[in-house]
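This report describes a structural model through its chain contact, its helix packing and its backbone. The sequence and structure are shown first.

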Amino acid sequence: MGEWKRVLLDPKRLFLLALMALLCAGLFVLSLLDEITPTELGRMASANAYVDRCVEEWRGRPYDEMEALTEAEHQRLGDVFDWYLGASYEEMRISSEEEAIAAVADLPEMVRWIKARDTREFIRTYTTYWDAMAELKSEMIYLSGYEDYLESVQSQAERQSQTSLFGKEGSFTRRNLAKTAEDFKSLLGVEVEFGNSRGLLNWLDYETGDYFHLLAIIIIVLAFLEERKKGLWPAVRATQGGRLRMGVIRMGILLAGSVIATVLFSVLPLLLSMSIHGGWGDLARSLQSVERFRTCPLRLTVMEWLVRFFAVKVLSGVLIGLLIWFVLGVISNPQFSISVLGTLLAVEYGLYAFLPVQSALNMLKYFNIFAYVHTSALYTEYLNVDLFGFPIGIRILALCGMAGFGLLFGALVLNTQRNRRPEGNRDVLSRIALPVNRALDRVRSRLTVAGWEGYKALIFQYGVLLMALVVLATGGLNYLYATVTSEDRWYEAYLDDMEGPISEATDDYIVKARKSAADNDELLYALDRVERRVETLRQRAEEGGYSPWIVDDYDYQIGFGDMSLNTQRFNAAAAVMLTALLVAPLWAFERQAGVTPMLRSAPGGRRKLFRRKALTAALLSVFVWGCVYVREMFFVAQYDSRIFATLTASVRNLDALASFPLALTFGQYLAILYVLRLVMLIGVGETALAVSLFCPNVRVSYVIVAVLLGLPALLTALGVGFFRWVSPLVPVASAELLWGLGGGSLICLLPWLVWLAVGVGALWIARRIWCKGN
Amino acid sequence: MQLELKNLTKRYGELTALGDFTITFTPGIYGILGANGAGKSTLLSLITDNVKRDGGSILFDGTDILKLGDEFRAILGYMPQQQGIYEQMTAEGFVTYMARLKRLKGKELRAQVDEVLSLANLDDVRHKKVGSFSGGMKQRVLLAQALLGDPSVLLLDEPTAGLDPKERVRIRGFIKELAKDRIVLLATHIVTDIETIADQVLLMKDGRLVREDTPQALIAAVPEDWEPVTGRMSLEDVYLYFLGE
């Protein structure tokens, strides 16, 4: 019982698991939102209530009738949208605010933004309702055609098996056709029903929960190896129950741990998703009623599938745990064992994520640790892989593999637990390690102090793994800052067409456009606005002494202006947190190793070492900057390349930047923006470095920099206003400050100056303490 | 060459770790004897400027070491008492890293790394991770790094802790050889470490210098009616007599 209590009831571990559960739930909610604001949360809740109501009202009706109802809903939303944006055409159904409000009286968020006349929020709300209805429509189309789909699978298999194009008799292709038809035969006659699937679908999309599950398993397995770290292994091994019996007990703990992890990171997000989206009553439907399970050949209800899925999830956790336990347990050198495990996981992830389904090696994709991490894919994807010419379903393959590998790793783990000794084991790896170390020493002997600092950061402090994490984490950032919906399509279309320097050609264009617009009031109205705009720009440019350009405000608004505020902040928060975590171990590692007195006694161990540490922190910050902001540049280049056509224009051509205090082109403006972000991020890195100097070990350093720098940034991004004053987030994001300067507000300079002072000040204090003594 | 400590004082709150400590070191081996907490390590930390002094001065050839800064550290070799070491590095890697910090380069760096590893008897294990070493082997790695740069002032804090008798004898002989033209301060509470090699012995208690003399003179200073603990009068008797422990 002692071991159970030690592992499962350890306060630190319990706290960590509880924190992870909260984070997992929080990230799930965030994954449902386009922006992280209370407004967005309210909008999501309102859209969900709207869908719930429609589902309840329409349930049981024929599919064609339901499809017509969704179209009517789209029509209703579209009418209000057209009216709001000032469209004018003959069939306009709405002509006043009263009529618009009456038309969407049951949609409180729409009414709210109509009344507030907030175009941005109105468009976003409209899009949310529209998309929700589109999802329902897509589900109806799927359900109405499912029976035909099943029949088509059978007839297609029959047809294809009669032609030599699909292989000879006895070939994998022919057998695969027959197996597919056979698998789907069992589904013939299955009754699919319309219902609310959003809760289930959003939960299935949330893969982060699977990684939390994996992390929890790793935490539990690491608890088994604590005795080695604390030097208690010989003592534990010398006790009566310290060998095989301990191994068996720990297997039980691993199973219990996997159950707990499944509850925290799979069941709870599902419950959360269901409570947000409704859908409790629809669990008795057949599994295929949910479009994602279209190709799942199991004849089950959703509820039955969930029970089976959770059981598989628990067993997957045990299997992964046994594998990790075996690798970490059999290799005595902790750093080497972690490196082996890291490499193994990286290779497996690479195969899982990047191997094409059609590849001849696709078995490695599904016979893979990550197939056991993302267990839901085994049910939502139908695929037979070629096993010596015979088609085997990936689900069956993975489940059989689970049993086989479970037994194998279970036996290996017990064998290690029983026979592995704290000292004097036959160490095959050390024979390999020696020549490897010899070769590495030859390379390392050429490293300068800066090279050594980089090496320590990347290898000894697991910087490489953290950097891989940074690449993965920043890959999930959102750069599509705002809903790309024009407020006035014709006006925007003309501006798009005319974008460039204002010249006589501009006037010619307007004249020609007027001719072709003929009597179209809508086009003429838009052209009037264009003409006024051209005039304003000319006048402003003359006064300011720069060349007038037509530049689409909207492109810059959604890229770098107010419309992208929340996403800019969220991305900056991620950049701040990741930079802080990457830099956190730099000094703390030295304290943890206990080498500081020795380092400080060497002639290059003070100022020189300090400068090299600062350089390493800066380079790590540059890396994060590259992952977040260079990626953003690529995104902008790819999706909004028109911005690059205006790089030579003055920023003052943009309304929002009309009062910008410096005469800059857009190219210079963007260069300054990205350089500012880089400088601020380096400032964050140097601040984290300074904090790290005061931390006794790496773990404490991670916690402190996360709390001091990362957490306030995340809270600011989540909308907790107070923290914007104590976090480097706003100066790192920079866009809103630079945009604010465009409005002539010089106070926007303050956050940059303050955080620059903080970074420089922290570095100065740290330098003084390290170089000058205590 | 001389290292002069004048009225050196260090306090930790109410506790005086080192009080009014005055001494001049010239080339030779100085054994610093004292119980745990006597102030031996504090003294070495003050000389390495790892601890800030509260009073007094440390002069190397007449100039304060704080003023000399890196110039002083360039002629300093320090082996700390705590076995602080990068467990992930190989012995050669660690010594090479320290050599870089001691501003050694190119062929000179490689030659010195080879030499100190050989002196510390680490040749056979130079490519093994320090984390897999026994306490004695780690101690030798720390000694090896202290010898880099041919230091004129060598500070060794408990250099033989954890070493087996054979290794201790070897290291002692080696330190004796090193002492030519160097100031070697050897802090320990193991009397036999310094009995045969120290030119001078400093007896410390509660942060103060109780007595300083050659081992022979100290032994002679013990009264004749003192009953030797090992049958013949030795430094252990000096330790017990003067330090009362």
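## Overall form of chain B

The model is predicted. The secondary structure of chain B consists of 10 helices and 10 strands. Chain B has a radius of gyration of 18 Å, close to the 18 Å that the globule rule gives for 245 residues, so chain B is as compact as a globular protein of that length. The C-alpha trace of chain B spans about 55 × 45 × 35 Å along its principal axes.

Buried residues make up 47% of the 245 residues of chain B. Among the contacts in chain B with a separation of 6 or more, 66% are between residues 24 or more positions apart.

## Contact between chains A and B

Chain A contributes 27 residues to the contact, and chain B contributes 30 residues. On the side of chain A that touches chain B, helix 21 (428-444), helix 22 (449-460) and helix 30 (596-600) each supply at least two residues. Helix 21 of chain A gives the largest share of that side, 5 residues. By class, the side of chain A that touches chain B has 12 nonpolar, 11 polar and 4 charged residues.

## Helices 4 and 7 of chain A

Helix 4 (residues 63-84) and helix 7 (residues 119-144) of chain A have axes that come within 10 Å and cross at roughly 165°. Because of this angle, helix 4 of chain A is roughly antiparallel to helix 7 of chain A. The crossing of these two helices is left-handed.

Residues of helix 4 of chain A in this contact include Tyr63(A), Met66(A), Leu77(A), Phe81(A) and Tyr84(A). On helix 7 of chain A, the partners include Phe122(A), Tyr126(A), Tyr129(A), Trp130(A) and Met133(A). The contact of helix 4 with helix 7 of chain A comprises 13 nonpolar, 3 polar and 3 charged residues.

## Helices 31 and 36 of chain A

The axes of helix 31 (residues 607-639) and helix 36 (residues 749-772) of chain A come within 9 Å, crossing at roughly 145°. This crossing is right-handed.

Arg607(A), Phe610(A) and Ala614(A) of helix 31 of chain A make the contact with Leu763(A), Arg767(A), Trp770(A) and Cys771(A) of helix 36 of chain A. The contact holds 5 nonpolar and 2 charged residues, with no polar residues.

## Helices 28 and 32 of chain A

Helix 28 (residues 565-583) and helix 32 (residues 666-693) of chain A have axes that come within 8 Å and cross at roughly 40°. Helix 28 of chain A is therefore oblique to helix 32 of chain A, and the crossing is right-handed.

From helix 28 of chain A, the contact takes Ala575(A), Val576(A), Thr579(A), Ala580(A) and Val583(A).

## Backbone positions with positive phi

Ser734(A) has a positive phi of about 60° although it is not a glycine. Ser734(A) is located in the loop between helix 34 (729-733) and helix 35 (735-742) of chain A. With 26 other C-beta atoms within 10 Å, Ser734(A) is buried.

Asn7(B), not a glycine, has a positive phi of about 45°. Asn7(B) belongs to strand 1 (residues 3-12) of chain B. With 12 other C-beta atoms within 10 Å, Asn7(B) is exposed.

Notes: Residues numbered from 1 in each chain as written. Chains lettered and ligands numbered in written order. Predicted model: local features only at pLDDT ≥ 70, side-chain atom pairs only at ≥ 80, totals over all residues. Contact = placed C-beta atoms within 7 Å. Helix = DSSP H or I, 4+ residues; strand = E, 2+ residues; numbered from the N terminus. Nonpolar A, V, L, I, M, F, W, Y, C, P; charged D, E, K, R; others polar. Rg over C-alpha atoms; globule rule 2.2 N^0.38 Å. Buried ≥ 20, exposed ≤ 12 C-beta atoms within 10 Å, placed from the backbone. Axes fitted to C-alpha atoms, helices over the stretch in contact; angles between N-to-C directions. Parallel < 35°, antiparallel > 145°, perpendicular 65-115°, else oblique. Left-handed = near helix turned anticlockwise from the far one by under 90°.
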